[in-house]
Amino acid sequence: MTLAAGALTTQTNPLNRVLDLHRRYYYYKRTHLTSSIMSQRTERRGIHVDQSDLLCKKGCGYYGNAAWQGLCSKCWREEYQRVRQKQIQDDWALAEKLQREEDAAYASSHGAQTQPHGQSSAPHPGHASLGPFSKFEEKKTNEKTRKVTTVKKFFSPSSRTPPKKETQEGKTPSPSISRHSSFETDQVSRDFVDFLKNLQRPGREIHKQCRAFIVNMSSKKDLSAEELSECVQDFYQNMADRLMSHFKGSSESVEQVMDQVEKYIMTRLYKGVFCPETSDDERKDLATQNRIRALHWVTIQMLCVSMDEEIPEVSENVVKAITDVIEMDSKRVPRDKLACITRCSKHIFSAIRITKNEPASADDFLPALIYIVLKANPPRLQSNIQYITRFCNPSRLMTGEDGYYFTNLCCATAFIEKLDAQSLNLSPEEFERYMSGQASPRLHSSEGDWALAGSAPDATAVATTNPVLVQLNQNLELLSGLISKQERVTEAAQSLQADLLSWPQSVEREVHGVLEKYPLEVAPRTVSAIDANNVDNDNLPPPLTPQVFAG
Amino acid sequence: MAAGGAGGNSGRTYSFKVVLLGEGCVGKTSLVLRYCENKFNDKHITTLQASFLTKKLNITGKRVNLAIWDTAGQERFHALGPIYYRDSNGAVLVYDITDEDSFQKVKNWVKELRKMLGNEICLCIVGNKIDLDKDRHVSVEEAESYAESVGARHYHTSAKLNKGIEELFLDLCKRMMENAQAEERLKGNGASQSASSRRGVQIVDDEPQATPAGGCCSSG
């Protein structure tokens, strides 16, 4: 049906007009006779419309309309309402499903004294009347219940712990937080529950704690960023201490659980605590962004970066590093943001390694990172740094590798903020001119203003010309080469075309010549009867005669 | 958990953060690569980078995780020092014995570290490149007496000849462990180590701990 409707609606305008005219006319007459006339007429205009295409798709006998997907007005109204009704019910069912899952998860944290999963017991009003859809709904509810039961199974009271303090939290309006949560947060919650499954009893305890904490935090919206950070850090600390005593000091398990806890609560809290209105993070973001923009003229040589971007692999790594540091803003969990920084750093190390052929030290790394940050101008850099500092699990920030790279990013940002003529080995006047846009170092780089002393590796100091310009020139050369090649190809094609055009003429000429030379003489045909006497029998060989051999 | 070196009971793993400070060409990287990979100027060094390295040690039956943070030594990055060495348990300050300036730099860093971190941090002053003794510009006596005056230990090393490096880090680890244990005792037994080990993460705003005048250079 949709296919037919689609075919109809894609017809061109005049056709529609014609159809419309026809429809009006035949609707009025509505006889079978007319249809044949119509088909004649349309055929004359080269249009093939079948009678059945014009009737209502419902088969009610009335004529349909393309605008109503081939239905007549009455059937269309019915159909439309039905679809809408179904949509509403679907949405409702989905909302209910989410709520049940939430309830199940939540109730279980109260020692699983649950039963309120109504399951499929309450059919939606008006179901019965909707024949074909009720089946579909049934399937859906089946799916739903299956899901709920698995969650329930996992939280079922079969475990030996008696429900402890279920009293004071009984009335917390917990599901309301998740009510308007996005798909992502739902996914994270599900993962979290899945993860905690493996932990059994402590898993439930952890889940309860986290939920209570989130509820608690949602009521503290107007605290300052520092106070929020304090709350979260205290929570981490308490959780880590408890886990520590539970796992008897196995720090790996503790870290693992803490990562999950961080992921869960920070995904939930992100909206409220990232770049909060109570802080001036946003202002700082803008300031940094403008600052980096103003410093667009800083070259790789001024920073003494030991990366040679003319090597394709190096520039590839540089691009990847830039992408990674920009991607940081799109993550919600502090640890995921850290992972972006780490990936960025690894790409920088690769670039340095390729250029210098030795492992990168901090002396190489920090300038390179500064360069990358300047190139990338990562969105909301300050907010992200603040967010990670405030809400990341401390053990990761303080000692781990991720922490080291994060610290370097902080250093790079601080350096960019305070950057002055001296830190680029420029004279203050030059710096001023570049900053104000009166001059650009790229234009007279041949002067070698920044043949830098110190630890600048020779390779990069020699490459005084801007690699971008070099690349540009190369590309231009390549392009002009391509253009000349193309011209040659076009010429050849044109000559070929001329040849092709002249060829039939020459063939014709030749044929004419031959024909003139050897004119065709048509000998008058002598038609003779087969059995005529004058057939030149004499020329025929004698008939075969059977020969008889003796013996 | 691996919080800031304040590891407690004997069964637990200590985690220490050590910053590596020193001017551009004093051989910081060589030193740490020699220690962690036992290689010097080797084309076959496998590690991608030498700026963050870890080493696992076992000292008198106690596990120690050492994280060595290299820092950018160029003069223009000097101001960023505090961001690097915050929360570190130890600092290795490297100078080149053939380069008087690099020793001067070390003195600056020592002052700064003592000002910012007080006496909690273990300082090691390291005279590197002793294989070039004939070009020595920093006298042994001067360096050692200075180290003593600021409560640091002095070591002579050569990354090229692999001399003194193992001792340097082993000694540093032992001192950091002592510090950690002393801190633990100070907190009193039983009282959980919660709040204090966390405080360290609160970056940025911590005002430098004001040490009483003159106190910074006297303790051992």
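Modeller: With the area buried between chain B and chain A, which is about 3,800 Å² in this predicted model. Carbon and sulfur atoms give 62% of that area.

Biologist: How many residues does each chain bring to the contact?

Modeller: Chain B brings 40 residues and chain A brings 44 residues.

Biologist: How many salt bridges are there between chain B and chain A?

Modeller: To call a pair a salt bridge, we ask for a side-chain nitrogen of Lys or Arg within 4 Å of a carboxyl oxygen of Asp or Glu. Between chain B and chain A the count is one. The partners are B:Lys28 and A:Asp363, with their closest N and O atoms 3.3 Å apart.

Biologist: And how many residue pairs are in polar contact between the two chains?

Modeller: There the count is 13 residue pairs, with both residues at pLDDT 80 or more.

Biologist: Which helices and strands of chain B supply at least two residues each to the side that touches chain A?

Modeller: They are helix 1 (28–37), strand 3 (62–70), helix 2 (81–85) and helix 6 (194–199) of chain B. Helix 6 of chain B has the largest share, four residues. By residue type, the side of chain B that touches chain A divides into 17 nonpolar, 14 polar and nine charged residues.

Biologist: Now chain B by itself. What pattern does chain B follow along the sequence?

Modeller: Chain B has six helices and six strands, and the pattern reads β-α-β-β-α-β-α-β-α-β-α-α. To see how chain B folds back on itself, look at contacts with a separation of 6 or more: residues 24 or more positions apart account for 72% of them.

Biologist: What share of chain B is buried?

Modeller: Of the 220 residues in chain B, 51% are buried. Chain B exposes about 9,900 Å², and carbon and sulfur atoms supply 50% of that.

Biologist: Let us take a single residue. Is B:His154 buried or exposed?

Modeller: The cut-off for buried is under 20% relative accessible area. B:His154 has 14%, so this residue is buried. B:His154 lies in strand 6 (residues 153–156) of chain B.

Biologist: What is B:His154 in contact with, leaving aside its neighbours within four places in sequence?

Modeller: The residues in contact with B:His154 are B:Tyr95, B:Ile125, B:Gly127, B:Ala143, B:Glu144 and B:Ala147. With B:Tyr95 there is also a polar contact between the side chains, at 2.8 Å.

Note on methods: Residues are numbered from 1 along each chain as its sequence is written. Chains are lettered from A and ligands numbered from 1 in the order in which they are written. This is a predicted model: local features need pLDDT of at least 70, side-chain atom pairs count only at pLDDT 80 or more; totals for chains, interfaces and linings use all residues. Side-chain values use heavy atoms; hydrogens and water are left out. Contact means heavy atoms within 4.5 Å. Buried area is the accessible area (1.4 Å probe) that two parts lose on being put together, summed over both. A polar contact is a pair of N or O atoms within 3.5 Å; within protein, one must be able to donate a hydrogen and the other to accept it, and residues adjacent in sequence count only if both atoms are side-chain atoms. Ala, Val, Leu, Ile, Met, Phe, Trp, Tyr, Cys and Pro count as nonpolar, Asp, Glu, Lys and Arg as charged, and the others, Gly among them, as polar. Buried means under 20% relative accessible area, exposed over 50%, partly exposed in between (1.4 Å probe, protein chains only). Accessible areas come from the Shrake-Rupley method with a 1.4 Å probe; for residues, only the protein chains shown count as cover.
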